[in-house]
Amino acid sequence: MVDTTSLSRAVDHFADRLRAAPQSRLQRSAAAEALALAREFARRAQLAEEPGREPREMPDAGMFAVADQITVAGHDLALVLKDEAEVEEAVRLVTEAQRRAGV
């Protein structure tokens, strides 16, 4: 079993920062960055769980829901990762998205 603790922590930290961010920051770029990451994580999880099936796109539930979307998609992805390299890649994606989001 792969240790995904680092991914869970990174996802939870980003989600907490989004929840604490002012609306103006969410509107500028943070919500869009978070949604893009949540969609990518959901896509990867679906491809791992159902290879050969076209992944469904996570809907845009609004800027106040992106923290929850990141949390759900990140923890879903953590369940299907196969090795430490995949975990490290996912953590890197969280770190980069959080930097771009400015939170």
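**Core, salt bridges and surface charge**

Asp83 is partly exposed, at a relative accessible area of 35%, where buried means under 20% relative accessible area, exposed over 50%, and partly exposed in between (1.4 Å probe, protein chains only). This residue is found in the loop between α3 (66–80) and α4 (84–101); helices are DSSP runs of H or I with at least four residues, numbered from the N terminus. The model is predicted: local features need pLDDT of at least 70 and side-chain atom pairs count only at pLDDT 80 or more, while totals for chains, interfaces and linings use all residues. Residues are numbered from 1 along each chain as its sequence is written, and side-chain values use heavy atoms, leaving out hydrogens and water.

Asp83 belongs to a patch of negative charge on the surface, together with Asp3, Glu84, Glu86 and Glu88. Such patches are made of residues with over 30% relative accessible area and no salt bridge, like charges being joined within 9 Å. Asp and Glu count as negative, and Lys and Arg as positive, whereas His and the chain ends are not counted. The place of a charge is taken as CG of Asp, CD of Glu, NZ of Lys or CZ of Arg. The accessible areas come from the Shrake-Rupley method with a 1.4 Å probe.

The largest nonpolar core has 35 residues; a nonpolar core is a set of buried Ala, Val, Leu, Ile, Met, Phe, Trp, Tyr and Cys residues joined through side-chain atoms within 4.5 Å. Leu7, Phe14, Leu18, Leu37, Phe41, Ile70 and Val94 have the most contacts inside this core. Two or more residues are given to it by each of α1 (5–20), α2 (23–49), α3 and α4. Helix α2 supplies the largest share, ten residues.

Arg44 pairs with Glu40, with the closest N and O atoms 2.6 Å apart. Both residues lie in α2, four residues apart, about one turn of the helix. Arg44 is partly exposed at 28% relative accessibility, and Glu40 is likewise partly exposed, at 22%.

Arg92 counts as partly exposed at 36% relative accessibility, as does Glu89 at 27%.

Another salt bridge is formed by the side chains of Arg53 and Glu50, at 3.2 Å from N to O. Arg53 is partly exposed, with a relative accessible area of 44%, and Glu50 is partly exposed at 29%.

Arg56 lies in the loop between α2 and α3 and is partly exposed at 45% relative accessibility. Its C-alpha atom is separated by 7.9 Å from that of Gln46, ten residues apart along the chain. Thr95, found in helix α4, is partly exposed with a relative accessible area of 48%. Thr95 and Met58 are 37 residues apart in sequence and 20 Å apart in space, C-alpha to C-alpha.

Notes:
Patches are made of residues with over 30% relative accessible area and no salt bridge: like charges are joined within 9 Å, nonpolar side chains (Val, Leu, Ile, Met, Phe, Trp, Tyr) within 5 Å. A salt bridge is a side-chain nitrogen of Lys or Arg within 4 Å of a carboxyl oxygen of Asp or Glu.
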